[in-house]
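Please read these notes with the structure open beside you.

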Amino acid sequence: MVEDKHAYCIMAHGNWKQLQMLVNVIDDGRNDIYLHIDAKSLDDYNKSGGVKTKFSGLILTESIDVRWSDISQVDAELLLFKHVIRSGKGYNRIHLISGSDFPLKPQDELHKMFLNDDREYISFGKDVHLMYRRLRYYHFFVRYRRKWRIAELFRRILLVPQVLFVNRLRKFNLKFAYGQNWCSLTLPAVREIIGKMVELRPKLKYTTSADEVYKQMIIGSSDKFKIYNKPVSYACFSHGCASPKTLTMADYDNIMSSGCLFARKFDVNVDVNVINKLISFVSR
């Protein structure tokens, strides 16, 4: 039975004071918080005393060593989703966010909004042909591409001989799609993802940024779901980098006019004022 209850699946890797500020904002008797701490940061998290809730259930999952654009990102998301399913609770909505996100709507408004909305809030990109290479070719050394420049160089070199002879997409029986990895889904959609990933996960090994692909491919290839195609979390890439820029007070108007449910990324050590202003807004 579906309840007026939300599950927040949070992936975090540091900045515990800010994480507590996020948890405080969503700490509500109608919410449960599922938290994944990157294995590289787990000792530091435990030494900090962790985060606490007053009203929400708080479930700390097992920790995975997550690396950017690596399959480990997918594994951490799936771990959170599996804990949600294992709880046996009839969540009306499952939000996947990062520890550097903040909500843009008060909890009362968010819960009211989803009472009669069974759409999957997940974005789908338009330039699909530009992203085929994520799955079409074998991507080696992805796990180390940010740590060692030589690993990224070798990854790129090994793509060249594959152009004429390799097409891994033939192994997939799902329609190719991509988009933002952060999303807000219904319980049936999360169940579908968990079920399909038993077969799909091995095929995603040696791909890149699969976290921005697998959910879109599974949900987009089914006629069971209604889709609201828009990014759930506002992010700014105006600086031309692969990762979003850290938001400040200068971005506040753009954040609030975005129509998104969340925004990222924030850093309390860069601009605490924008965080405090958001907290004041959503706590009204």
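The numbered points below go through these topics in turn.

1. Keep in mind that this is a predicted model. The values that follow come from its atoms and should be read as such.

2. Searching the whole structure gives 10 aromatic pairs. One of them joins Tyr-121 and Tyr-228, whose ring centres are 4.5 Å apart; the planes stand at 40°, so the pair counts as tilted.

3. Are the two partners buried or exposed? Tyr-121 has a relative accessible area of 5% and is buried, whereas Tyr-228, at 27%, counts as partly exposed. The cut-off for buried is under 20%. Ring pairs also bring in Phe-114, which forms a cluster with Tyr-121 and Tyr-228.

4. A second tilted pair is made by Phe-140 and Tyr-206, with 5.3 Å from centre to centre and 50° between the planes. Both residues lie in loops: Phe-140 between helix 6 (133–136) and helix 7 (149–159), Tyr-206 between helix 8 (187–204) and helix 9 (214–220). The pair therefore ties together parts that are 66 residues apart in sequence. Phe-140 is partly exposed, at 29% relative accessibility, and Tyr-206 is partly exposed at 39%.

5. At Tyr-138, the charged end of Arg-168 sits 4.1 Å from the ring centre. At Tyr-252, Lys-277 lies over the face of the ring, 4.3 Å from the centre.

6. The surface carries a nonpolar patch made of Phe-141, Tyr-144, Trp-148, Ile-150, Leu-153, Phe-154, Ile-157 and Leu-158. Together these residues have about 730 Å² of accessible area. Phe-154, one of the members, lies in helix 7 and counts as partly exposed at 39% relative accessibility.

7. Which strands stand at the edges of the sheet? The sheet is open, has three strands in the order 5-10-9, and its pairing is mixed. Strand 5 (102–103) and strand 9 (233–234) are at the edges; each has a single partner strand, so one side of each has no neighbour in the sheet. Strand 5 pairs with strand 10 (residues 262–263) in the antiparallel sense, over two bridges. To find this pairing in the structure, look at Phe-102, whose bridge partner in strand 10 is Ala-263.

Technical notes
Residues are numbered from 1 along each chain as its sequence is written. This is a predicted model: local features need pLDDT of at least 70, side-chain atom pairs count only at pLDDT 80 or more; totals for chains, interfaces and linings use all residues. Side-chain values use heavy atoms; hydrogens and water are left out. Rings of Phe, Tyr and Trp (its six-membered ring) pair if their centres lie within 6.5 Å; planes under 30 degrees apart count as stacked, over 60 as edge-to-face and the rest as tilted. Buried means under 20% relative accessible area, exposed over 50%, partly exposed in between (1.4 Å probe, protein chains only). Helices (H or I, at least four residues) and strands (E, at least two) are DSSP runs, numbered from the N terminus. A charge sits over a ring if NZ of Lys or CZ of Arg is within 6 Å of the ring centre and within 35 degrees of the ring normal. Patches are made of residues with over 30% relative accessible area and no salt bridge: like charges are joined within 9 Å, nonpolar side chains (Val, Leu, Ile, Met, Phe, Trp, Tyr) within 5 Å. Accessible areas come from the Shrake-Rupley method with a 1.4 Å probe; for residues, only the protein chains shown count as cover. A salt bridge is a side-chain nitrogen of Lys or Arg within 4 Å of a carboxyl oxygen of Asp or Glu. Two strands pair if DSSP finds at least two bridges between them.
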